[in-house]
Amino acid sequence: MIMDTDLQSLRQEVKAWLADNWDPQRSLMDWRIKLVESGWGAPDWPEEFYGKNLPPAAVNAIAEEFAAAGAVGSAQSGVRFLASATLLEHGNDDQKRTYLRRILTGEDAWCQLFSEPGSGSDLAGATTRADRKGDHWIINGQKVWNTSAHHADYGLLVARTDWDQPKHKGLTYFIIDMRQPGVEVRQLKQMNGHASFNEVFFTDAKVTDDQLVGTLNDGWQVAVTTLAYERRSFARIRTVTADRHGDGPIYAEYAKEVEIANEPYTWYPQRAGRVDLVVERAQETGAIDDPAIRQEIAKLLTLNQSAQWYGARLREAQKAGTTRGPEGSISKIAASNIARLASDVHTSITDIDAMLTGPQSPRDGIIAEILVSVPAVSIAGGTDEIQRNIISERLLDMPKEPRFDTGPFKDVKRN
Ligand SMILES: Cc1cc2nc3c(=O)[nH]c(=O)nc-3n(C[C@H](O)[C@H](O)[C@H](O)COP(=O)(O)OP(=O)(O)OC[C@H]3O[C@@H](n4cnc5c(N)ncnc54)[C@H](O)[C@@H]3O)c2cc1C
């Protein structure tokens, strides 16, 4: 808990530090190095790993001071956020030193290599294999749906290292260098016209011992951490544009970085249903005068607001260490319900024109993009059915689903 007076003096400290150090004439990398060395780039991280060990209330206050000064922050977004959260919990000190700093500076981009053609919901059924050879591991197999893999320097990889163990026991979590000959990334085109996911093929790709995260054959526990952060992050509002403006070369570099990092995510606000557009659209089309549509809008805004409050409460509880872990599944289900309802409301407001795309269509095709992007929310990061299973089994302590896959994984029937 941080007191208001502490927060005020912290704000003064940040202001003073920014007044002495923020300079938009610097290069982005030069500034980020300064930021990382100061700890202000990741204030809630441990002091020995580029942070200041501060609570979440402080992080928000610091972000506000940065915004007020027009100062650029660290590069911790997208899968970089998942990678850093996972490494902070499970990585060893060498891994934290090697990778966390470059996540904050933006030197490395990351992707998540979990899903496979035969194991999405059943993630623990992964068959991509890691075989020991001398002092390293050889990776063979295929992943799919991997967002941003076409930009990534490193991947968070779950691979099978022991086929004699039961399904959840023989998996290991690795960091894999994506820029090596044994890794082939192929982009996939989606029904909304974007191409943000990939198939990734491994043919004798290599990972070294120092890239193993956690313990051998215990990668499932590490993967659960990544997934928990991913599900919680559905409650966040994603910004897709550079929100820093001003004169100075750093802003141009930053805008370029944001453009590349956000390229796979430009449709994510539409995927979330664009609740922010609903009232404006109802006003501009006159649908606001329709009592049935007004009811639906009220229902949507109420659900959306309560989900945001739940998300905020969850983030505080998580920092205070009072969560059980799987609560992010509730945020995820809420995000799906909100997106679906928003898509229905947009359709009622815009009527048949909601299907039009192109420059003369409503909102330049954004409404149509909502309709074909919303289904992804209920799939990404684990489907609605899987979230319900998690909530019932791990939060409500209801009986578990019957299992037919408890023996050695090599004997489990697949596909
Ligand atoms: C936008 C987006 C981004 C993604 N990004 C990534 C990424 O970066 N990295 C990555 O690894 N993956 C990523 N994914 C993949 C995502 O995690 C999987 O698509 C998801 O887990 C579902 O797996 P599946 O597609 O194989 O569906 P399946 O597992 O084949 O499921 C098919 C249907 O069966 C239902 N079902 C399955 N098992 C059960 C059960 N036990 N009980 C009840 N119903 C069940 C499901 O709910 C679903 O309706 C992404 C997906 C999307 C849509």
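**Exercise 1. Name the residues that come nearest to the ligand, and describe the shell around the ligand.**

Step 1. Of the 21 residues around the ligand, those that come nearest are Phe114, Gly120, Ser121, Ala380 and Thr383, where a residue is near a molecule if its C-beta atom, placed from the backbone, lies within 6 Å of it. This is a predicted model, in which local features need pLDDT of at least 70 and side-chain atom pairs count only at pLDDT 80 or more, while totals for chains, interfaces and linings use all residues. Residues are numbered from 1 along each chain as its sequence is written.

Step 2. Strand 1 (110-113) and helix 13 (384-395) each supply at least two residues of the shell, and helix 13 gives the most, with three residues. Helices (H or I, at least four residues) and strands (E, at least two) are DSSP runs, numbered from the N terminus.

Step 3. By class, the shell around the ligand holds eight nonpolar, 10 polar and three charged residues; here Ala, Val, Leu, Ile, Met, Phe, Trp, Tyr, Cys and Pro count as nonpolar, Asp, Glu, Lys and Arg as charged, and the others, Gly among them, as polar.

**Exercise 2. Describe how helix 9 and helix 10 are arranged.**

Step 1. The axes of helix 9 (residues 278-285) and helix 10 (residues 291-319) come within 11 Å and cross at roughly 165 degrees; axes are lines fitted to C-alpha atoms, for helices over the stretch in contact, and angles run from 0 to 180 degrees between N-to-C directions.

Step 2. Helix 9 and helix 10 are therefore roughly antiparallel to each other, since angles over 145 degrees count as roughly antiparallel, under 35 as roughly parallel, 65 to 115 as roughly perpendicular and the rest as oblique.

Step 3. Val278, Val279 and Ala282 in helix 9 meet Ile293, Ile297 and Leu300 in helix 10, and the residues of this contact divide into six nonpolar, no polar and no charged.

Note on methods:
Two residues are in contact if their C-beta atoms, placed from the backbone, lie within 7 Å.
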